[in-house]
Amino acid sequence: MDYYHDEKMQDLFELLKQPKTLDEIDLSANFIKNLLLKIIATYGSIQVNRIHEITGLHVDILEECLKDMEKDELCAPTGGGFLFPSVTYTIKKQGQKQADKLMKENPYIGMAPVSYNSYFEIMGRQLEGRFPIKIPQEVIDKAFRDVVGNESAKRTLIEGAIGGKGLFIYGPPGTGKTFITSRMSDLLPPVVIPRYVEFSEQVIQFYDPDFHRMCPEQPEDPRWVKIYAPFVFTGSELTSDKLESRYDPNKGVYETSPIIKANGGVLLIDDLGRQKEDHNALLNRLIVPLENKKDMIYVKGSPIVVHTHFIPAFSTNLDITIMDEAHLRRAPLHVQLEKPTVEEIVEVFRRNLESMGEEYEPEVLERFAHVYRPIGEGGEGMQPTFAHARDLAQIAQAVRIRKGEDRITVQTMEEALQQHVLIALQRKLTPMLFDRIIRKKT
């Protein structure tokens, strides 16, 4: 689809051809040789083809560097075939001594980074004029295919994605705030990011597989990766310290913060107001990255500017008044989620069962619905939430497996309901509330 690989992205891929000589690559020969020396010293003996797999560097660049390193008595070929990729290199005494010193200064071995200047230029090309976006209807349909109801919320999320505007989403627990917000990033076009960036001989990690999903098509230069627009989230565990990039001495890399990982996508601060640290201090830390679309990383005390072109989303179960006007201006849209209807959570329950491949008696859906129908209509009057629908489907599956049944029966469903802690608590509280009403009337 052109939306995911449009003309702008195709032009970008042309720029990201794999460099084949030291003159073409954006790294210094000294940095590359130091990286190769650390790799050879770590492995003892290693084939050129394996070095290529680790670093992503073209074999011609490896040959150019390794030949120079041979002349400097740092390493030596010890075997292999006629083709250079099959040659095995081993470390020499002088090389080991130099590698030991390098490892103490920076133990990083892995994919070759891109230069800071290349990163800043390529990211700038992509983010300039990113909004407003014209989102195809098929992209919208795909993004919300598993979202039941919440039509007003969907419209707001679409409008936020079109204009790149942040939002505040609030409502009772279990109404699907995190779930529906996560679909916003699916509305945004993909971006190309570096796996690692080199600045002043130091390495900064940008690609995080926990948050970044790779697209099918990838640039020729493996140091870059095309990803779907990221959805990065953090919740009640968030502190100001976690919004900063930190150095990992074991890996020898600076690990970027959620603010930077969300670049090109959506950053959700979930459960706002429930952090140990004052939420206003956390929000104040975000003002500069939100206003300028840039943030600072300190590398050995030196500040460098990085892109933070994300859409902010703030979620809470508390009252919207916990945010002051300065913060609301950075997230001008709002989504208020109400408790779902019985019909909506039955549909979510059914979808969960079918997505897990579960077969069930038709009466199971009616038994589930009965729990949430008002007492006046003959039901149990429990408060419906989307979280219940998901959890009960999983509990019912577990009960079925324990009993050795081939499908979920009404009895299995009954046992699942008895196991769910929130339903058990509501069942205890409901008679108490009913008794209080009767006493007041009498």
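**Sheets and aromatic pairs in a predicted model**

UniProt, in an unreviewed entry, places the feature "domain: Magnesium chelatase ChlI-like catalytic" at residues 144–200; UniProt positions follow the numbering used here, feature names are shortened, and annotations may be inferred rather than shown by experiment. The model is predicted, with local features needing pLDDT of at least 70 and side-chain atom pairs counting only at pLDDT 80 or more, while totals for chains, interfaces and linings use all residues. Residues are numbered from 1 along each chain as its sequence is written, and side-chain values use heavy atoms, leaving out hydrogens and water.

Over residues 144–200 the chain is 33% helix and 21% strand, and the end C-alpha atoms are 44 Å apart. Helices (H or I, at least four residues) and strands (E, at least two) are DSSP runs, numbered from the N terminus.

We turn to the sheets. Five strands form an open sheet in the order E10-E13-E16-E5-E17, with parallel pairing; two strands pair if DSSP finds at least two bridges between them. Strand E10 (231–234) and strand E17 (333–336) are the edge strands, each pairing on one side only. Neighbouring strands of this sheet are turned by 20° against each other on average, direction ignored (axes are lines fitted to C-alpha atoms, for helices over the stretch in contact, and angles run from 0 to 180 degrees between N-to-C directions). Strand E13 (residues 266–269) runs parallel to strand E16 (residues 311–316), joined to it by 4 bridges, and Ile269 has Phe314 in E16 as its bridge partner. Helix H8 (residues 151–163) packs on the sheet, touching strand E5 (167–170), E16 and E17, where contact means heavy atoms within 4.5 Å. The direction of H8 makes about 160° with that of E17.

Another open sheet has 3 strands in the order E1-E3-E2, with antiparallel pairing. Strand E1 (45–47) and strand E2 (75–79) each have a single partner strand, so one side of each is left without a neighbour in the sheet.

As for the aromatic rings, Phe, Tyr and Trp (its six-membered ring) pair if their centres lie within 6.5 Å; planes under 30 degrees apart count as stacked, over 60 as edge-to-face and the rest as tilted. By this rule there are 15 aromatic pairs. The rings of Tyr116 and Tyr119 have centres 6.1 Å apart and planes at 45°, so this pair is tilted. Both residues lie in helix H6 (residues 116–127), 3 residues apart, about one turn of the helix. Ring pairs link Tyr116, Tyr119, Phe120, Phe199 and Phe206 into a cluster.
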